[in-house]
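I want to look things up one at a time and jot down what turns up.

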Amino acid sequence: VPQSVEILSVQIDDEPGKIRIYYYPYRTIGKWNWKMGAPETLEVQAGGERVAISGTGLRRLAEALGLGQLRLIHLNASSDPTGDIQVNAIEMEDLK
């Protein structure tokens, strides 16, 4: 039986040597939505913020989120576009 994780981390390496990591306890996730299209988007509202992820293969992220097993969403400006999941952009908006 898979165990649920307690914290979702969003890591952004948009500049060499500058890493930003945001942590959201699962209990603060109010809602989330996966949208097919080009590009796909996964929107998560957590801790008073809206995190919008765009890319391809995001269905796997949405499924893991639904099971409480998504630990990390990672944006790296130099990531390899040949993988199953490609995160092209992460936008964050304060909803407060």
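What do the buried residues of H1 pack against? I looked it up: they pack against strand E1 (7-15), E3, E4 and E7. Packing here goes by contact, meaning heavy atoms within 4.5 Å.

Before going further, I noted that this is a predicted model, where local features need pLDDT of at least 70 and side-chain atom pairs count only at pLDDT 80 or more, while totals for chains, interfaces and linings use all residues. Residues are numbered from 1 along each chain as its sequence is written, and side-chain values use heavy atoms, with hydrogens and water left out.

**Entry: the helix**

My element names are DSSP runs numbered from the N terminus: helices (H or I, at least four residues) and strands (E, at least two). I checked which residues of H1 are buried (under 20% relative accessible area; exposed is over 50%, partly exposed in between, with a 1.4 Å probe and protein chains only). I found Leu61, Ala62, Ala64 and Leu65. They sit on the same side of H1, because they cover an arc of only 165 degrees around the axis. That arc is taken from the directions from the helix axis to the C-beta atoms.

Just after H1 I came across Gly68, which has a positive phi of about 70 degrees.

**Entry: a cis bond**

With that in mind I looked at the peptide bond from Ala38 to Pro39, and it is cis, with omega near -5 degrees. I located Pro39 in the loop between strand E3 (29-35) and strand E4 (40-46).

Leaving out residues up to four places away in sequence, Ile73 touches Leu8, Ser9, Val10, Gln11, Ile53, Val87 and Ile90.

**Entry: salt bridges**

How many salt bridges does the structure hold? I got five. The rule is a side-chain nitrogen of Lys or Arg within 4 Å of a carboxyl oxygen of Asp or Glu.

I started with Arg50 and Glu93, whose closest N and O atoms are 3.0 Å apart. This pair links distant parts of the chain, with Arg50 in strand E5 (residues 49-56) and Glu93 in strand E7 (residues 86-94), 43 residues apart. Arg50 is buried at 19%, whereas Glu93 is partly exposed at 37%.

Arg59 is partly exposed at 46%, and Glu63 is partly exposed at 45%.

My last pair was Arg60 and Asp84, at 3.4 Å from N to O. Arg60 is in helix H1 and Asp84 is in the loop between strand E6 (72-76) and E7, 24 residues apart. Asp84 is exposed, at 61%.
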